[in-house]
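The structure is shown below.

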4 protein chains.
Amino acid sequence: MDLKVTIWNEFRHEKSHEEVRNVYPDGLHAPIAAHLRSEGMTVRVATLDEPEHGLTSAVLADTDVLTWWGHMAHGEVSDEIVSRVQQRVLDGMGLIVLHSAHFSKIFQRLMGTTCNLIWREREVEERERIWVVEPGHPIAAGFGPYLEIPREEMYGERFDIPAPETLVFLSWFQGGEVFRSGCCYQRGLGKIFYFRPGHETFPTYYQKEVLQVIANAVKWAAATGTPTVTFGSRPPLEQL
Amino acid sequence: MDLKVTIWNEFRHEKSHEEVRNVYPDGLHAPIAAHLRSEGMTVRVATLDEPEHGLTSAVLADTDVLTWWGHMAHGEVSDEIVSRVQQRVLDGMGLIVLHSAHFSKIFQRLMGTTCNLIWREREVEERERIWVVEPGHPIAAGFGPYLEIPREEMYGERFDIPAPETLVFLSWFQGGEVFRSGCCYQRGLGKIFYFRPGHETFPTYYQKEVLQVIANAVKWAAATGTPTVTFGSRPPLEQL
Amino acid sequence: MDLKVTIWNEFRHEKSHEEVRNVYPDGLHAPIAAHLRSEGMTVRVATLDEPEHGLTSAVLADTDVLTWWGHMAHGEVSDEIVSRVQQRVLDGMGLIVLHSAHFSKIFQRLMGTTCNLIWREREVEERERIWVVEPGHPIAAGFGPYLEIPREEMYGERFDIPAPETLVFLSWFQGGEVFRSGCCYQRGLGKIFYFRPGHETFPTYYQKEVLQVIANAVKWAAATGTPTVTFGSRPPLEQL
Amino acid sequence: MDLKVTIWNEFRHEKSHEEVRNVYPDGLHAPIAAHLRSEGMTVRVATLDEPEHGLTSAVLADTDVLTWWGHMAHGEVSDEIVSRVQQRVLDGMGLIVLHSAHFSKIFQRLMGTTCNLIWREREVEERERIWVVEPGHPIAAGFGPYLEIPREEMYGERFDIPAPETLVFLSWFQGGEVFRSGCCYQRGLGKIFYFRPGHETFPTYYQKEVLQVIANAVKWAAATGTPTVTFGSRPPLEQL
């Protein structure tokens, strides 16, 4: 499928934390980019420390779907660029929000809520089982009843989001929590998908099933046709 | 609250299975009825083996909210009575569907799907933790992050229902499954709530939190005002 | 797009009412079939008076998307065939429900409600303007703010359906009514789209825009991948 | 019902436009306040030109439901106060957004979209008919098939909002447009209702039916019980 994807990664943990660098020596965007390229997509990478965070108007205009991962530096993303990305989503660009980007400015902006959740006091390795609740949805294509991630960080409910328009996945955690981990939204002309997994110290983004969900989501979020919307004034009554 | 509630119970297990009779000697409707009465509601009990299953037109007309539990004899419920209950829901009666009544004719009729799900091959006692995902919803009133049932039967996804209009609760099971366990629907003028717990061999319906959910749901499902709907013909154009 | 479509038409008005035959001499399925074929789809036609209404298990198994038009003989459709179609939808076949098929058994079955509505006492020719409320949805692809049908029958709210999961179109009628005229649902693995226009005495199904909506809907409703669902028993706890 | 309501009005048109002052000499908040008081609610009025726009933390903490009307001075509302109101909604305060407040910062903030729409180039007096599409909803309590406003300003689709969680009303306009005019949302613990009518040059807020919708909406939006949410850390795995 001929899609133009921009993978945005904060790309800080990989520089500052050896533990993370050991898992993702080229950045956690690298395996995602490689997989989407292997599916025939045109992939560009953009990161926080580039000018305009790599998200110039030209880049966004040339992007069908943007994926977003951030964690330790949400506050450093410029409000102006957040507004630019938001407008581009409303104009039809797809957006895939990954893991700790639940707290990114762009996701909070589009949701209107805090997007807060619960997590475990002391990080542990625990098993996550991601159940398919809407098997007919394109993002679930190719999966059986569930996919399992052997070691992940827990995110649990209450997740402070607007109720998803479509809930595709639900996570079970070994420690006793559940989470709405695959959530679809339409905002303006743009489609948004939040996907939970991807803690930076685990090799989650090398896992075949996780990459397949992201690829499915990118295809789903790409705009159909070239919808346009007219706002503003309508003819006066007498001309009808 | 001055509400008229009819508690419908299949009431067969309690007669044929000693294990169930030991837990619910007066039927599993008994503790539910007692609790709703303690909240000031007017409660009537109806069961499968009564004439018209206890659900005459007069009884239904005098019922604000009906609760339904069934399991081993779904097929013995007459189609005519199912149609009568369905019409009464569409006319504004609330309906609370409990546990194994996911497979009842009335729930399948109102959902339009099989309402199938997964369960455990050999029943075991396992822990169920029911997480509140919509804490602002009236059915969740009074609860913290979750309620826990020490021993229950597992129900798991995929649950073949239309996506709930509001998802209030999500269940976590010790054995690795999750379930949409508190699901709200509007059908016609009537409100419907499916609530998962209540396997007949466990004392679930004696648990204070479970009874409180049922009471909250009854209050939520009761019709507001006396809505009426007009269908059929409208004046011809020239009279407007 | 290589899709197998079965167009089901009651095909009675065309035989018994000269006024209808004049508009649709080959049946109102004919222009729909012609258009879908022109888009490269494989199209089969099935009608009420054929054995099994033309909807054998073999035909349904070989159908990606079924469209349904009926009006005067809903009651003659066999319950057994309705159950067969319902199961096939739950297994993933798309279903496009057209105009007066709002009262078809299959639509009522899948919705769980009466699907009643209001109409005009004496039929008149009036203008219908169908507004796009979800311009980013694939079924709205290619349309501006609205499409207009010069002469149609009015259908108005209250339309007794479950709230659509996605509402794509809203109709305005000259006589003062509105209607949710493009409604999407997921039931089981199947997608359902209700589309309002198509009164048998008007040449609605020759109108380019109407045909384009139907073609878009067929593409949207076709199953993605080959999803499967497992219901029933799960391993006992000790094997996990 | 013992509810504390704060009615927020921009209160500028009434000072600067004689045409508006003639209709609402005491501000367009006056008839709304009078009606809610007549229903037994405790009503406070707050306006743009007061310190902190009349919306101090103390006022908001003492408010169950806030109603909001603004038009010509959306940009003058301080971002800090908007953030304060947003947080209070997420904490459980109800919010009723009226007419041109579709473009208010607080509504855009909570929706995440532009909330843009179409209007008529040259304002005219035209008839609005507001159809009830969800007659079982508490906000529709007491109404028949529709309510009619003899002279109003037109707002039309596309309305750039997230799809309402419940759509209660749909407007028909004489000039050929439709609008989703009664839209319910849950954000955090707070309920939000957008209600379309109320152009400042028409006596809409004196009309009994319009006031009744607002009163119904206030009752619906008031928080149930005192829900609380816990975010943040959960016990480590080994303590479970």
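## Helix crossing in chain A

In this predicted model, helix 3 of chain A passes helix 7 of chain A in a right-handed crossing. Two packed helices are described by the angle between their axes and the distance between the axes. Here the axes of helix 3 (residues 29–38) and helix 7 (residues 208–221) of chain A come within 10 Å and cross at roughly 60°. The two helices of chain A are therefore oblique to each other.

Helix 3 of chain A contributes A:Pro31, A:Ile32, A:His35 and A:Leu36 to the contact, and helix 7 of chain A contributes A:Leu211, A:Gln212, A:Ile214, A:Ala215 and A:Val218. Sorted by class, this contact comprises seven nonpolar and two polar residues, with no charged residues. An α-helix has 3.6 residues a turn, so residues three or four places apart point the same way.

## Helix 3 in chain D

In chain D, helix 3 (residues 29–38) has the buried residues D:His29, D:Pro31, D:Ile32, D:Ala33, D:His35 and D:Leu36. Just after helix 3 of chain D, D:Gly40 adopts a positive phi of about 90°.

A:His102 is located in the loop that runs between strand 4 (94–98) and helix 6 (105–111) of chain A. Its relative accessibility is 4%, and A:His102 therefore counts as buried, the cut-off being under 20%.

Beyond its neighbours within four places in sequence, A:His102 is in contact with A:Val97, A:Phe107, A:Gln108, A:Cys115, A:Leu117, A:Tyr155, A:Phe159 and A:Tyr194.

## Relations between the copies

Two copies of a chain are related by a rotation about an axis and a shift along it. Chain D is superposed on chain A by a rotation of 180° with 0.0 Å of shift along its axis, at an RMSD of 0.0 Å. These two copies are thus related as by a two-fold rotation axis. The C-alpha of chain D nearest the axis belongs to D:Gly112 and lies 2.7 Å from it. The same surface serves both copies, as 100% of the contact residues of chain D recur in chain A.

For chains C and B, a rotation of 180° with 0.0 Å of shift along its axis superposes chain C on chain B (RMSD 0.0 Å). In chain C, C:Gly112 has the C-alpha nearest the axis, at 2.7 Å. Again the same surface serves both copies, and 100% of the contact residues of chain C recur in chain B.

Definitions and conventions: Residues numbered from 1 in each chain as written. Chains lettered and ligands numbered in written order. Predicted model: local features only at pLDDT ≥ 70, side-chain atom pairs only at ≥ 80, totals over all residues. Heavy atoms only, no water. Helix = DSSP H or I, 4+ residues; strand = E, 2+ residues; numbered from the N terminus. Buried < 20%, exposed > 50% of the residue type's maximum accessible area, 1.4 Å probe, protein only. Contact = heavy atoms within 4.5 Å. Axes fitted to C-alpha atoms, helices over the stretch in contact; angles between N-to-C directions. Parallel < 35°, antiparallel > 145°, perpendicular 65-115°, else oblique. Left-handed = near helix turned anticlockwise from the far one by under 90°. Nonpolar A, V, L, I, M, F, W, Y, C, P; charged D, E, K, R; others polar. Least-squares fit on C-alpha atoms with pLDDT ≥ 70 in both.
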